[in-house]
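Okay, thanks everyone, let's get going. Have a look at the screen while I talk you through this one.

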Amino acid sequence: MAATTEFQHTVAKTAGFSGTSLHTGEKVSLKLQPAPIDHGIKFKRKDLQDEPTIDAKIDNLKTVERATTIGEGSVRVHTVEHILAALSAMGVDNAIVEMDANEPPIGDGSAAAYVDLIKRAGIAAQEAARKFFQVREPTHIETKTGSILVLLPSDEFRISCTQAGPNNRFTQYLSTEITSAIFEKEIAPARTFVYYEDVEPLMEKNLIKGGSLENAVVVRGDAVLSKEPLRFADEFVRHKILDIVGDLALVGGRVRGHVIAVKPGHAANAELARVLAREQARRTALAVPKILPRGEGGFDSEQIMQILPHRYPFLMVDRIIGFEGETKCIGLKSVTINEPFFQGHFPGHPVMPGVMQVEAMAQVASLLLFKLAKTTGRIGYFMSADDVKFRKPVFPGDTMFIHAELTKHRGERLAKAKCHCVVNDAVVSEGELMFTFLDR
Ligand SMILES: [Zn+2]
């Protein structure tokens, strides 16, 4: 389930629409255009000289007051969250959003107009794998204003959200998976809502010239003012979910994880996107193939099998990368989805059993001992494992580096090794193993 390959998509053809921009109240035309593989979403300011583009990336985030603004240099694009939510949820990875103003049309305050636009343009698959951000471990962020966002590992993109207004008025909760079908029907139509006390000063300062009851639901006290009745009894929390999808799109990859959001807002959403993007960048940097020494320095799998009696599926080391002096060595194991233990550990959420990591440590330590003893005439018996700790889950696709260091080596009959396994530069497990040697 976790390893399904999906293709990147762009729009099949150019499509556009026009409307009013929220902050300036001016007319704006927007065109959605196809873009090549790995292009991502970029906004193009057709109204400016040289038509500059801005990457929809968290690094370009400028402000999060009331709406999400991105920019590069002095060029800005405001209120990008609704169109980004629609593109991301409807499965558009690559596109150019061309506009002749600094803000997309607000539409009716929801993402419905953008979903329509994407459907009119059509979606076309491209010959490259879609980028996913698989959440590996729980993360959370908290803001001073009381927003809490927790992100948990999950194979689906799910958002569980609690929204609460001032004095906990209009407290609403919804948990939903985000698929294109669900987004289109259940989330995209939910409109922006504002509290009268928040917008009153803005209206006085003329900062929301395009704002009206046609593009926002206004809450005044316990009353809900809008041109048309609420579209859902819990329309507010749905819109909060819409904003989370849009802000998280700035990560630049599809999130596979479960977001639990309490009183979210653009600032909190952006903060989470930033944490994810940082983690994503760290992983990408580590994913660069390393050139591993072969031959002299280490053992290949043939050499390993001449020493160890273990065979697939119990051979837990593919290669010994190298030895350091007499007492240290590093082995490597590529953990693939084909390992038989993933079948039952666990269906739908494959993680490598900890005991298999201990087995990998034992095998690497044995190889080290054999090299030291310069004989394979003896057989090592694994006697005990102390201080074993499993720190992080190991998933299919991970490359596990197994480090072993001999700490005691008495009379060539008894040996102790300190071992640890590393994935993506983080220790995933560790333990101290003891062996005894007997003649074969
Ligand atoms: Zn919004």
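I'll start with the chain as a whole and then go through a few sheets and hairpins.

First thing to say: this is a predicted model. The chain has 440 residues, and 49% of them count as buried. If you put a box around the C-alpha atoms along the principal axes, you get roughly 90 × 50 × 35 Å.

On charges, we have 53 positive and 55 negative side chains, and the centres of the two sets lie 3 Å apart.

Five strands make an open sheet here, in the order β2-β3-β9-β4-β5, with mixed pairing. Which strands stand at the edges? Those are β2, residues 15-20, and β5, residues 53-55; each has a single partner strand, so one side of each has no neighbour in the sheet. Going between neighbouring strands, the average turn is 20 degrees, ignoring direction.

Inside that sheet, β2 and β3 (residues 27-34) pair antiparallel over six bridges, and Phe 17 stands opposite Leu 30 in β3. Helix α2, residues 112-121, packs on this sheet and touches β2 and β3, with its direction at about 160 degrees to that of β2. Then there's helix α1, residues 81-89, which lies across β3, β4 (41-45) and β9 (95-99) and runs at about 140 degrees to β4.

Next, a pair of hairpins. Strand β12 (residues 139-142) and strand β13 (residues 148-153) are antiparallel, with four bridges. His 140 has Val 150 in β13 as its bridge partner. There are five residues between the two strands, and in that hairpin Gly 146 takes a positive phi near 95 degrees.

Gly 322 has its bridge partner in β21, namely Ile 330. This hairpin has three residues between the strands, and Gly 325 takes a positive phi near 60 degrees. So is β20 mostly buried or exposed? Five of the six residues in β20 (residues 319-324) are buried, so this strand is largely enclosed by the rest of the structure.

Last stop is a three-stranded sheet. The order is β16-β17-β18, open, with mixed pairing. The edge strands are β16 (193-195) and β18 (223-225), and with a single partner each, one side of each is left without a neighbour in the sheet. The twist averages 25 degrees from one strand to the next. β17, residues 217-220, pairs antiparallel with β18 over three bridges, and Val 219 has Val 224 in β18 as its bridge partner.

Two helices lie across these strands. Helix α4 (residues 196-204) lies across β16 and β17, at about 85 degrees to β16. Helix α5 (residues 235-248) lies across β16, β17 and β18, at about 110 degrees to β16.

Note on methods. Residues numbered from 1 in each chain as written. Predicted model: local features only at pLDDT ≥ 70, side-chain atom pairs only at ≥ 80, totals over all residues. Heavy atoms only, no water. Buried < 20%, exposed > 50% of the residue type's maximum accessible area, 1.4 Å probe, protein only. Lys, Arg positive; Asp, Glu negative; His and termini not counted. Charge placed at Lys NZ, Arg CZ, Asp CG, Glu CD. Pairing = 2+ DSSP bridges. Axes fitted to C-alpha atoms, helices over the stretch in contact; angles between N-to-C directions. Contact = heavy atoms within 4.5 Å.
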